[in-house]
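Here's a quick briefing to read alongside the sequence and the 3D view. Have a look at the picture, then work through the topics below.

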Amino acid sequence: RLRDCPTDELDRTRALYERLLDRTKHVKVWISFALFEGTAGGDVAKARTTFERAYKYIRQNSELKEERVMLLEAWRDFEKDQGPSQHLEAIRSKMPKRVKKKRPIKNEDGTTSGWEEFQDYIFPDDEQAAPNLKLLEKAHRWKRQKLQQTATTTETS
């Protein structure tokens, strides 16, 4: 087993993971590194720290939703193996809601040829930033209404 490896072997493996993360921040590398820390390294705290680092990095890029879900699922499974704890509940609270959305299908010439459904994710910690977006959306709606009122007032005059 890897737990029986000398400490310098574990440190070299950690260094290899860190070098790999310098080259690529792929979610599977993050997950593998965190699981290595939790199993081979035998250090649950280091594994959690690695998962947290990965989550912070992936969360910064809003286009990496699938990767974020993969990370959270792996982290949740890891915490389940550790037994019931507040950490498991914290991960569950970060799990997204799956929603179906539609987007237009664009042809090569730029025209729309229909709609396609796709799965999207709404993350609870992203919704906390949403009130500011809702306020901005309301401001835009108010401005459009004012412009329409102004336009109809000038047309009738």
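At what angle do α2 and α3 pack, and how far apart are their axes? The angle is about 165°, and the axes of α2 and α3 are 7 Å apart; an axis here is a line fitted to C-alpha atoms, for helices over the stretch in contact, and angles run from 0 to 180 degrees between N-to-C directions. Keep in mind that this is a predicted model, where local features need pLDDT of at least 70 and side-chain atom pairs count only at pLDDT 80 or more, while totals for chains, interfaces and linings use all residues. Residues are numbered from 1 along each chain as its sequence is written, and side-chain values use heavy atoms, with hydrogens and water left out.

**The overall picture**

- The chain has 7 helices and 2 strands, taken as DSSP runs numbered from the N terminus (helices are H or I with at least four residues, strands are E with at least two).
- Reading from the N terminus, the order of elements is α-α-α-α-α-β-β-α-α.
- Of the chain's 157 residues, 25% count as buried (buried means under 20% relative accessible area, exposed means over 50%, and partly exposed is in between, using a 1.4 Å probe and protein chains only).
- Take the contacts between residues at least 6 apart in sequence: 42% of them join residues at least 24 apart (contact means heavy atoms within 4.5 Å).

**α2 against α3**

- With that angle of about 165°, α2 is roughly antiparallel to α3 (angles under 35 degrees count as roughly parallel, over 145 as roughly antiparallel, 65 to 115 as roughly perpendicular and the rest as oblique).
- The α2 and α3 crossing is left-handed, meaning that the near helix is turned anticlockwise from the far one by less than a right angle; clockwise would be right-handed.
- On the α2 side you'll find V27, W30, F33, A34, L35, E37 and G38, and they meet K46, A47, T50, F51, R53, A54, Y57 and I58 in α3.
- Sorted by class, the contact of α2 with α3 has 10 nonpolar, 2 polar and 3 charged residues (Ala, Val, Leu, Ile, Met, Phe, Trp, Tyr, Cys and Pro are nonpolar, Asp, Glu, Lys and Arg are charged, and the others, Gly among them, are polar).

- T50 sits in helix α3, which covers residues 44–60.
- Is T50 buried or exposed? Its relative accessibility is 4%, so T50 counts as buried.
- Setting aside neighbours within four places in sequence, T50 is in contact with W30, F33, A34 and E37.
- A polar atom of the T50 side chain lies 2.9 Å from the backbone oxygen of K46.

**α1 against α2**

- Helix α1 (residues 7–23) and helix α2 (residues 27–39) have axes that come within 10 Å and cross at roughly 165°.
- That angle makes α1 roughly antiparallel to α2.
- The crossing of α1 and α2 is left-handed too.
- L10, T13, R14, Y17, E18, L20 and L21 from α1 meet V29, W30, S32, F33, F36 and E37 from α2.
- The class count for α1 with α2 is 8 nonpolar, 2 polar and 3 charged residues.

**α4 against α5**

- Helix α4 (residues 65–82) packs with α5 at an angle of about 160°, their axes 9 Å apart.
- That makes α4 roughly antiparallel to α5.
- α4 passes α5 in a left-handed crossing.
- L72, W75, R76, E79 and K80 of α4 make the contact with H87, L88, I91, R92 and K94 of α5.
- By class, the α4 and α5 contact divides into 4 nonpolar, 1 polar and 5 charged residues.
- L88 belongs to helix α5 (residues 86–94), and L88 is buried, at 8% relative accessible area.
- Beyond residues up to four places away in sequence, L88 touches R76, E79 and K80.

**Two more spots**

- T39, in helix α2, is partly exposed, with a relative accessible area of 46%.
- T39 and F78 are 39 residues apart in sequence, and their C-alpha atoms are 9.8 Å apart in space.
- D125 is in helix α6 (residues 124–127) and is buried, with a relative accessible area of 13%.
- Leaving out neighbours within four places in sequence, D125 is in contact with Y55, R59 and R68.

Note on methods: A polar contact is a pair of N or O atoms within 3.5 Å; within protein, one must be able to donate a hydrogen and the other to accept it, and residues adjacent in sequence count only if both atoms are side-chain atoms.
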